[in-house]
Amino acid sequence: MKKYLVYLLGTILTCSFFSCFEDEGNYDYMDLPRFEVDTVGVNTIISVRQFDMVNLTPKLIYEGSKSDLEYIWSTYVDDNYGQNNADTLATSESFNQKITLQPNHYVLEFCARNKNNGLQIKMKYTLNVESYTGPGLLVLYSNGSNCDVDIIRTKSFMGGISANEVKRNIYTNIDSNPPLAGNPIGIGVNETYLDIVTDAEAIQTSRDDLGMTRSFTQMFVENAPAKKPQGYNSCNNDGDKEFINDGLFYTSNYGSELYVTARTMNADSYYASPFTVYTYGNNHLVYDEKNARFLYSGMFSGILEKASDSKLANMNRTLLAFSKGYTDGKIRFSNYAYAIMKDRSDEAKRYLVNVRAARSALDIQMLNDFDISSFPGITSATGYAFSESSPLFYYTTSNSLYVCPFNLDQNTINNPSAASWTVPAGETITYLQLFKKSGINLSENPANKYLIVATYNGSKGKVYLIKTDMASGVIDPNPVEVYDGFGKVGAVEFKNN
């Protein structure tokens, strides 16, 4: 008992000893104003497309004078190294900016700092920047002396979107892009880039934002030729691209961005038509306007060869259109290509020629040669399209749309039926395409079921989506969708992501 008493007494004395010392430090104390960001109910995940405006005002609570504060909005990629590479986007309390960042996932950080004492508070947002273009129909058009690109996001070809919309001036929205002179020829999509071709220019751009990545002279593996674009075929985005420049035929190697040296002929010469076909097995069909004959080139060949079928040589015709179309499947390892041709001896004569497009020059042959000279308006046709699901051929004049069924076995073609759809007064048809893609996230495949028809009234262009029965070719009298505000449309291509 005495032992515990000694311990207790020692503890009391020790506490008493330390309590005798006074804190003689000289301190100034002040109450700090309330300084915080209220995040209750605030959505901190922001998903936008490139070049969209973002407007944010944090719920900043500060009980002092806000003149004491400075602000920084910064962004960095959401990874382990991002904060070391942060970019300042704004220095105001509110954030009202067009997002020009490349598509990616970012942290957008707001910081308010007291300039007098260095105290600061921060708030972080998740910023998901999507491609400005996204998926949709790329529309290349002329607006006078230059061209531009818009994109149509439509529920007809894209599932999961809440509303149809048009994104305007995608190409010219990039300040660093040079003017795109000339009239449209074609536009094509690859995994990482786009080709845009006019009759005065050809360039490659990023597929995300259409910022130019290669000029014409940079698009070739070797020295670029003198610039004279005449034709382009995106090959349905399957692989190679086909490009005609000053009568010479170029392709990109499968999946490559660059064009290889122009294909030549052994001890012969040619002048290529602007229209080409990408055939079965990554091979190519070209029409030689100089000698009025069809030529073939294999996937890995740098040589063009004459088609062995004598009916495809010395044809005395000019090629007006050329496209893959309906294949009956009776000949293995083949596609069928369809050509619209004009007789050089009698310019009122028109023909629809069915060509077997296969794996070698020996396999290229004419299967059908339909005389379509009596078809209404065919000598002044403005566009042609060929179904790949049924033996159907569509064409347009300045103010009418026609469909023509044909029979390959019987070598017959029906007289065309005019669509009951009426082109509005003052508009003329300038472009026709049959949509042949599967679309995105759709329960029903839209391929070969929609005609894309473009019109022009002298100052503005429109794009009509018109449904057609993929078996019979019957055309709906009323367009499914109509979009306006373009220039004179010359090419349309679907971008799937």
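User: Buried means under 20% relative accessible area, exposed over 50%, and partly exposed in between, using a 1.4 Å probe and protein chains only. What is the relative accessible area of Asn177?

Analyst: This is a predicted model: local features need pLDDT of at least 70, side-chain atom pairs count only at pLDDT 80 or more, and totals for chains, interfaces and linings use all residues. Residues are numbered from 1 along each chain as its sequence is written, and side-chain values use heavy atoms, leaving out hydrogens and water. Asn177 lies in the loop between strand 12 (165-167) and strand 13 (184-189). Asn177 counts as buried, with a relative accessible area of 11%.

User: Which backbone nitrogen does the side chain of Ser252 reach?

Analyst: Ser252 sits in the loop between strand 19 (248-251) and strand 20 (272-279). Its relative accessible area is 0%, which is buried. The side chain of Ser252 reaches, at 3.0 Å, the backbone nitrogen of Lys241.

User: What length has the polar contact between the side chains of Arg263 and Thr251?

Analyst: Arg263 is found in the loop between strand 19 and strand 20. At 3% relative accessibility, Arg263 is buried. Residues it touches, beyond those up to four places away in sequence, include Phe249, Tyr270, His284 and Met299. The side chains of Arg263 and Thr251 are joined by a polar contact of 2.8 Å.

User: How many residues apart in sequence are the parts tied together by Trp73 and Phe95?

Analyst: Rings of Phe, Tyr and Trp (its six-membered ring) pair if their centres lie within 6.5 Å; planes under 30 degrees apart count as stacked, over 60 as edge-to-face and the rest as tilted. A search of the whole structure finds 27 aromatic pairs. Trp73 and Phe95 make a tilted one, 5.2 Å centre to centre with 50° between the planes. Trp73 is in strand 5 (residues 69-77) and Phe95 in strand 7 (residues 95-98), so the parts this pair ties together are apart in sequence by 22 residues.

User: Over which residue's ring does the charged end of Arg317 sit?

Analyst: A charge sits over a ring if NZ of Lys or CZ of Arg is within 6 Å of the ring centre and within 35 degrees of the ring normal. The charged end of Arg168 sits over the ring of Phe486, 4.9 Å from its centre. For Arg317, the charged end lies 3.7 Å from the ring centre of Tyr351.

User: How many strands does the chain have?

Analyst: Helices (H or I, at least four residues) and strands (E, at least two) are DSSP runs, numbered from the N terminus. The chain has one helix, and its strands number 37.

User: What radius of gyration does the chain have?

Analyst: The radius of gyration is taken over C-alpha atoms, and the globule rule is 2.2 Å times the number of residues to the power 0.38. The C-alpha trace spans about 130 × 55 × 50 Å along its principal axes. A compact globule of 497 residues would come near 23 Å, but the chain has 33 Å.

How values were computed. Polar contact = N/O pair within 3.5 Å; in protein donor to acceptor, adjacent residues only side chain to side chain. Contact = heavy atoms within 4.5 Å.
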